[in-house]
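Q: I would like to learn how to read a model of this kind, one feature at a time. Could we begin once the sequence and structure are in view?

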Amino acid sequence: SQTQTIIVNDQTAPVADVTNLPTIEMECEVIPANISIPTATDNCAGTITATTTDPLSYTDQGSYTITWSYDDGNGNTSTQDQTVIVDDVTAPVADVTSLPTITMECEVTATDIPVPTATDNCTGTITATTTDALSYTDQGNYTITWSYDDGNGNTSTQDQTVIVDDVTAPVANITSLPVIALECEVTATDIPVPTATDNCTGTITGTTTDALSYTDQGSYTITWSYADGNGNTSSQTQTIIVND
């Protein structure tokens, strides 16, 4: 008789089916659905599905490495690395294409200015910020630059015009000024200076270039002027009579 030894000894590790696994790159997050699990071919076991102890979900911006392992069950293993990148490169998009011009006559305050928003592909709704003033009392045109920041290094901006423009003239407090009639003379002390109310300035005292003293007999007219200081004026006449 004679004995013969037979040895079955698998010493060959699995070979990855893809030489270089593709880099998986997403802007906001990578989830398992985005990752195709790789395979390898083993000389004995055939197709082997990879396993890993690394996470398959990534929400923070950055670059990550998944190490895949192929095990043929016979003590032979091989590994393969795959790069995962979460990199947001898209800036927020303003929800309104053109912000409306805000026009007021006397002043614009923060309560008159709705803060605009934008939508970001990762962050969602973003409320704008600005370093510009949100309160304006002087007449003129102003620009507010709003900024939208997604927190991932992407920003967009949007301009909004603010106008303070008083177009309303003062309104006389008395519709018809009384006729002042005296027999001998009329002096300034006999003529109460009239007033008007302005939408922005408030009370305005009338002015005139006409005389306020009359000694000759006759009828005279004083034209009173009300100026609000913003380019708007109104006027009013008053009759003076010296009649002995």
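Q: How many bridges join S11 to S12, and do these strands run parallel or antiparallel?

A: Strands of a sheet pair through backbone hydrogen bonds, in either the parallel or the antiparallel sense. Here S11 and S12 run antiparallel and are joined by 10 bridges, where two strands count as paired if DSSP finds at least two bridges between them, and where helices (H or I, at least four residues) and strands (E, at least two) are DSSP runs numbered from the N terminus. One example of facing residues is Ser147, which stands opposite Thr157 in S12. The hairpin of S11 and S12 has 5 residues between the strands, and within this hairpin Gly151 takes a positive phi near 80°.

Q: What should I keep in mind about the origin of the model and its numbering?

A: The model is predicted, so local features need pLDDT of at least 70 and side-chain atom pairs count only at pLDDT 80 or more, whereas totals for chains, interfaces and linings use all residues. Residues are numbered from 1 along each chain as its sequence is written, and side-chain values use heavy atoms, with hydrogens and water left out.

Q: In what order do the strands of the sheet that holds S8, S12 and S11 stand?

A: The order is S8-S12-S11, in an open sheet of 3 strands with mixed pairing. Strand S8 (102-104) and strand S11 (140-149) are the edge strands, each pairing on one side only. On average, neighbouring strands of this sheet are turned by 20° against each other, direction ignored; for such angles, axes are lines fitted to C-alpha atoms (for helices over the stretch in contact), and the angles run from 0 to 180 degrees between N-to-C directions. S8 pairs with strand S12 (residues 155-164) in the parallel sense over 3 bridges, and Met104 has Val164 in S12 as its bridge partner.

Q: Why is one side of S14 and of S17 left without a neighbour in the sheet?

A: The open sheet in question has 3 strands in the order S14-S18-S17, with mixed pairing. Strand S14 (180-182) and strand S17 (218-227) stand at its edges with a single partner strand each, so one side of each is left without a neighbour in the sheet. S17 pairs with strand S18 (residues 233-242) in the antiparallel sense over 10 bridges, and in S18 the bridge partner of Tyr220 is Ile240.

Q: Is Gln160 buried or exposed, and what surrounds this residue?

A: Burial is read from relative accessible area: buried means under 20%, exposed over 50%, and partly exposed in between, with a 1.4 Å probe and protein chains only. Gln160, which is found in strand S12, counts as buried because its relative accessibility is 2%. A polar contact is a pair of N or O atoms within 3.5 Å; within protein, one must be able to donate a hydrogen and the other to accept it, and residues adjacent in sequence count only if both atoms are side-chain atoms. By this criterion, the side chains of Gln160 and Trp146 are joined by a polar contact of 3.0 Å, and a polar atom of the Gln160 side chain lies 2.9 Å from the backbone oxygen of Pro100. With contact meaning heavy atoms within 4.5 Å, and not counting residues up to four places away in sequence, Gln160 touches residues including Leu99, Ile113 and Tyr142.

Q: Which backbone nitrogens does the side chain of Asp42 reach?

A: The Asp42 side chain reaches the backbone nitrogen of Cys44 at 3.0 Å, and one of its polar atoms lies 2.8 Å from the backbone nitrogen of Ala45. Asp42 is found in strand S3 (residues 39-42) and is buried, with a relative accessible area of 4%.

Q: How far apart are Gly206 and Asp42 in sequence and in space?

A: They are 164 residues apart in sequence and 103 Å apart in space, C-alpha to C-alpha. Gly206 is found in the loop between strand S16 (202-205) and S17 and is buried, with a relative accessible area of 8%.

Q: What does the whole chain look like in numbers?

A: The protein chain has 0 helices and 18 strands. Its radius of gyration, taken over C-alpha atoms, is 43 Å, well over the 18 Å that the globule rule (2.2 Å times the number of residues to the power 0.38) gives for 244 residues, so the chain is more spread out than a compact globule. Along its principal axes, the C-alpha trace spans about 165 × 20 × 20 Å, and 27% of the 244 residues count as buried.
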